Amino acid sequence: MKLFAAGHTDPGRVRSSNEDAYFIGDSIFAVADGMGGHVAGEVASATALGPLEEIDAKVYPDGATAIHALEEAIQQANVEVVTKAQDRPEYEGMGTTLTALMFEGQRIHFAHVGDSRAYLLREGQFNQLTRDHTFVQQLVEEGRISEEEAAVHPRRSVITRAIGVTEQIDVDVMTLDLEQGDQLLLCSDGLTGVVADEEIAGILSDLDQPARTVERLVQAANHAGGPDNITAVLLRWDETPTGPDRSGTTADMSGPAILVHTRQGENAEAWVQGMRRFGSFTSRRRGTGPHHHRRRLLVILVSIVIVGSVLVGGGRWLLGRSWYVGIEGDRVAIFQGVDASIGPIELHWVVEQSDLALDQVAPFFLDRLESTIAAPSLTDARRIIETMPRVAGSAADPAQTEEPSPAGDATTSP
Ligand code: MN
């Protein structure tokens with residue numbers, strides 16, 4: 001059994017530059033979708049691939065060591081992009097997705113940050129292996145919107161984890177045992193944003209030469225408008241690059257497919273033990289710096305979310321949640337943003353800390369406060385605090401504070 005691979009990237013039909021990058025090595029394969037102004041996105045994606053290239057073709061004594069090396073490379077990619085972003089002002093705020101895999105024995109180890117994806121086509125079943133680190137995916141998992149709604153959601157490209165933006169990074173890691181005929185696809189959202197899974201699966205099922213297949217995937221995205229950079233990396237685990245149905249001739253083998261690996265005496269019965277999530281690796285976080293980077297990302301994300309909501313006009317839920325009253329420390333405070341933390345990122349910040357201490361709030365009201373109270377405006381948020389039920393003897397009397405408070409006074413006591 002052999003692993004055949006091919007990759008293709010294209011700027012698409014709208015963008016002048018290509019911030020995507022991919023790497024195909026002997027054992028390492030990766031897709032990165034960079035973001036940032038001017039050339040920053042390209043720098044971010046290219047930089048992130050560096051540490052992965054360094055571990056290409058290395059051999060490890062066991063799976064755990066291999067996974068560790070892969071994860072270390074991702075962490076190193078993060079450090080390098082963060083460092084570059086800090087070094088030069090024009091790189092500030094740049095980041096990249098990174099979806100990488102390592103071929104080890106008859107297994108594939110995945111590491112993933114962001115919204116590029118890995119898919120598996122096996123025996124006609126096409127499944128997404130990675131979980132998108134996106135705002136809309138969070139909404140899907142919370143049951144707020146359906147998968148179908150997520151696919152066309154105006155904020156679907158807002159990612160909640162990226163390489164190079166925070167000094168701490170959570171990396172999803174998983175392992176898949178290969179089976180003959182498996183096709184693995186790594187791709188950026190420029191493909192999956194406009195081409196349905198069914199169509200992608202159909203193209204893979206045709207078993208063209210891998211290089212031809214990835215070209216066709218890119219073409220499909222361009223036919224659908226090509227609004228974003230498009231990248232696809234395809235791996236086939238089989239005896240020939242085009243599968244057993246078109247038994248490989250010499251001519252087939254001379255095609256542009258890259259023969260990556262040969263394993264002798266493979267057991268054809270190698271059965272999937274399934275995609276396994278390594279709990280001890282998943283959600284591992286590393287970093288030493290203060291949280292100012294996270295704060296910066298947070299502000300960027302919230303800005304994107306809120307501005308996007310306003311622009312699109314459909315973001316009623318977000319707008320409705322863009323101010324709220326909650327608890328900060330031992331006091332009541334007004335927050336802006338969304339009362340959610342997605343991965344390591346909290347999508348909100350304190351706007352005003354009030355003088356109202358929690359022990360002044362009526363106990364029956366604390367639960368409601370804990371789950372936060374949405375406010376349509378800052379003024380409304382201030383009024384909610386003013387009129388909050390309090391324990392007997394506390395300063396404010398809700399009955400007297402029905403009128404909006406003067407602007408700028410967040411902590412009114414009558
Ligand atoms: Mn993209």
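**Helix pairs and a metal site**

Reply: Helix 1 and helix 2 cross in a right-handed way. The model is predicted: local features need pLDDT of at least 70, side-chain atom pairs count only at pLDDT 80 or more, and totals for chains, interfaces and linings use all residues. Residues are numbered from 1 along each chain as its sequence is written, and side-chain values use heavy atoms, with hydrogens and water left out.

Me: How do you know which residues of helix 1 and helix 2 meet?

Reply: Contact means heavy atoms within 4.5 Å. In helix 1 (residues 40-54) and helix 2 (residues 63-87), the axes come within 8 Å and cross at roughly 145°. Val 43, Ala 44, Thr 47, Ala 48, Pro 51 and Leu 52 of helix 1 take part, and on helix 2 the partners include Leu 70, Ala 73 and Ile 74. The contact has ten nonpolar, two polar and two charged residues. Nonpolar covers Ala, Val, Leu, Ile, Met, Phe, Trp, Tyr, Cys and Pro; charged covers Asp, Glu, Lys and Arg; the others, Gly among them, are polar.

Me: Why is helix 6 called roughly antiparallel to helix 7?

Reply: The axes of helix 6 (residues 197-205) and helix 7 cross at roughly 155° and come within 9 Å. Angles over 145 degrees count as roughly antiparallel (under 35 roughly parallel, 65 to 115 roughly perpendicular, the rest oblique). Therefore helix 6 is roughly antiparallel to helix 7. Glu 199, Ile 200, Ile 203 and Leu 204 of helix 6 contact Thr 213, Arg 216, Leu 217 and Ala 220 of helix 7. That contact has five nonpolar, one polar and two charged residues.

Me: What makes Asp 33, Asp 189 and Asp 228 donors of the manganese ion?

Reply: Distance. Donors are N, O and S atoms within 2.8 Å of the metal (3.2 Å for Na, K and Ca); water is not among the atoms, so sites may look incomplete. The OD atoms of Asp 33, Asp 189 and Asp 228 lie 2.1 to 2.2 Å from the manganese ion, so they qualify. Their spacing along the chain is D-x155-D-x38-D.

Me: How do you know whether Asp 189 and Asp 228 are buried or exposed?

Reply: By relative accessible area: under 20% is buried, over 50% exposed, in between partly exposed (1.4 Å probe, protein chains only). Both Asp 189 and Asp 228 are buried. Across the protein chain, buried residues make up 54% of the 414 residues.

Notes
Axes are lines fitted to C-alpha atoms, for helices over the stretch in contact, and angles run from 0 to 180 degrees between N-to-C directions. Helices (H or I, at least four residues) and strands (E, at least two) are DSSP runs, numbered from the N terminus. A crossing is left-handed if the near helix is turned anticlockwise from the far one by less than a right angle, and right-handed if clockwise.
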